[in-house]
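Work through the exercises below with the structure at hand.

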Amino acid sequence: MENVEKKVRSGERLDREDGLALLASDDLAGLGGLAHHVRTLKSGDTACFAVRRTVDVTDPDGAVRDATAAVAAGAVELELPAAAELPWEHHAKVLGALRRQVPDTVALHAFTVADVLRFAEQGTSAETVLDALTAAGPASLTARPAAGPGPSWEEWARVQRLAHRRGLTTPCTLPYGHTEEPADLVDHLLRLRELQDETGGFRVLLPLRHPGPRGATGAEILKTFAVARLMLDNVPHVAVDWALHGAQTAQLALQHGADEMAGRVVEGDEERDADALFREDLVDLIRDAGFRPVERDARYGALRTYEGPDPDRRESPQPMRV
């Protein structure tokens, strides 16, 4: 770890052997400290969040109605899960209707790579789908855990290249906690890093823990976030989904490389489900983790900066021991 730490603190890029050494280390506090150092260089003492809503695209009029209500409630991002039973033409109609009705500061996150490939199999080219998404900008592909086997790396990377060439920024993901070996995680991060060097189109990394019975321990989760932040040096942000990882683990992830809390934010008069947090509760979670909460817009600009943690409680946020 000593040689790796020297490379990190000097700004030198880590290689495959470094990644394997980090994953093999039992010094979680030291690993977290390195990741915290890097995330602080990129994001300072802030941790951001955005108000995002999911809109059902089955009915165009209903989608417009729900999207309008979501924007009125403060949403800056609308996620539009594709309806598997409906053709591309229907989705294109919904995209156009939403773009005409919601402000152009609100981003539309539509279609996973698998959705794009499915439309292509039905006769609509990936280029056509991405051109429509570009025209509906600001927009992006979306990232959701796949229910089954997803596209191959080659297919996934091809669609991402096409998207990035059109000026679309997209999220990238790191699935973990299933049957992968440490080398698989490192190799995936290196492929993402190489593609980002080529296109520059990834805005955020979202580690996705597998929900199966094996899962991942708390230490494994934090190690994954830390190594991801250290290896993926050219992606600006790392987000932790509190609904997937739990609120306390998400707080710890902020101290091990993550700089964004991802998940559904609701207002005090809205109905809250198990996957949502009230805005004030989320702000408190971020503040209690030792960071200054920032509500962001669709382009990661600050909409509202909240008061930071009590300066008398600690000098600066540091990784907690677990």
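**Exercise 1.** Find the element that gives the largest share of the lining of the largest cavity.

Solution. The model is predicted, and the steps below work from its atoms.
- Start with the lining residues: V57, L80, H91, V94, L95 and F111 line the largest cavity.
- Look for the element with the largest share; helix α5, residues 88-101, supplies 3 residues.
- Sort the lining by class: 5 residues are nonpolar, 1 is polar and none is charged.
- Finally, the count of cavities of 30 Å³ or more comes to 1.

**Exercise 2.** Decide whether helix α10 is largely enclosed, and compare its reach with the expected span.

Solution. 
- Helix α10 covers residues 218-231, which is 14 residues.
- From first C-alpha to last, α10 reaches 20 Å, close to the 20 Å expected at 1.5 Å a residue.
- A residue is buried when its relative accessible area is under 20%.
- In α10 the buried residues are I221, L222, K223, T224, F225, A226, V227, A228, R229, L230 and M231.
- Since 11 of the 14 residues are buried, α10 is largely enclosed by the rest of the structure.

**Exercise 3.** Which residues touch the most other members of the largest nonpolar core, and which element gives the most to this core?

Solution. 
- The largest nonpolar core has 92 residues, and L78, F111 and L205 touch the most other members.
- The element that gives the most to this core is α10, with 8 residues.
- Take L205 and leave aside its neighbours within four places in sequence: its contacts are C172, T173, L174, L189, L192, A228, L232, V235, H237, V238 and A239.
- Another core lies apart from the largest one; it has 5 residues, including L206, L208, A239 and A262.
- As a general background, nonpolar side chains in soluble globular proteins tend to be buried together.

**Exercise 4.** Describe the second largest pocket by volume, lining and class.

Solution. 
- The volume of the second largest pocket is about 980 Å³.
- Its lining has 42 residues, and R52, E77, E79, T142 and A262 lie nearest the centre.
- Strand β7, residues 202-209, gives the most to this lining, with 4 residues.
- By class, the lining of the second largest pocket divides into 20 nonpolar, 9 polar and 13 charged residues.

Methods
Residues are numbered from 1 along each chain as its sequence is written. This is a predicted model: local features need pLDDT of at least 70, side-chain atom pairs count only at pLDDT 80 or more; totals for chains, interfaces and linings use all residues. Side-chain values use heavy atoms; hydrogens and water are left out. Helices (H or I, at least four residues) and strands (E, at least two) are DSSP runs, numbered from the N terminus. The expected span of a helix is 1.5 Å times one less than its number of residues. Buried means under 20% relative accessible area, exposed over 50%, partly exposed in between (1.4 Å probe, protein chains only). On a 1 Å grid over the protein atoms alone, a cavity is a set of points where a 1.4 Å probe fits but cannot get out, and a pocket is an open set with protein on both sides within 12 Å along at least five of seven lines; lining residues have an atom within 4 Å of a point. Grid points are joined across faces, edges and corners, and a volume is the space filled by probe spheres set on the points. Ala, Val, Leu, Ile, Met, Phe, Trp, Tyr, Cys and Pro count as nonpolar, Asp, Glu, Lys and Arg as charged, and the others, Gly among them, as polar. A nonpolar core is a set of buried Ala, Val, Leu, Ile, Met, Phe, Trp, Tyr and Cys residues joined through side-chain atoms within 4.5 Å. Contact means heavy atoms within 4.5 Å.
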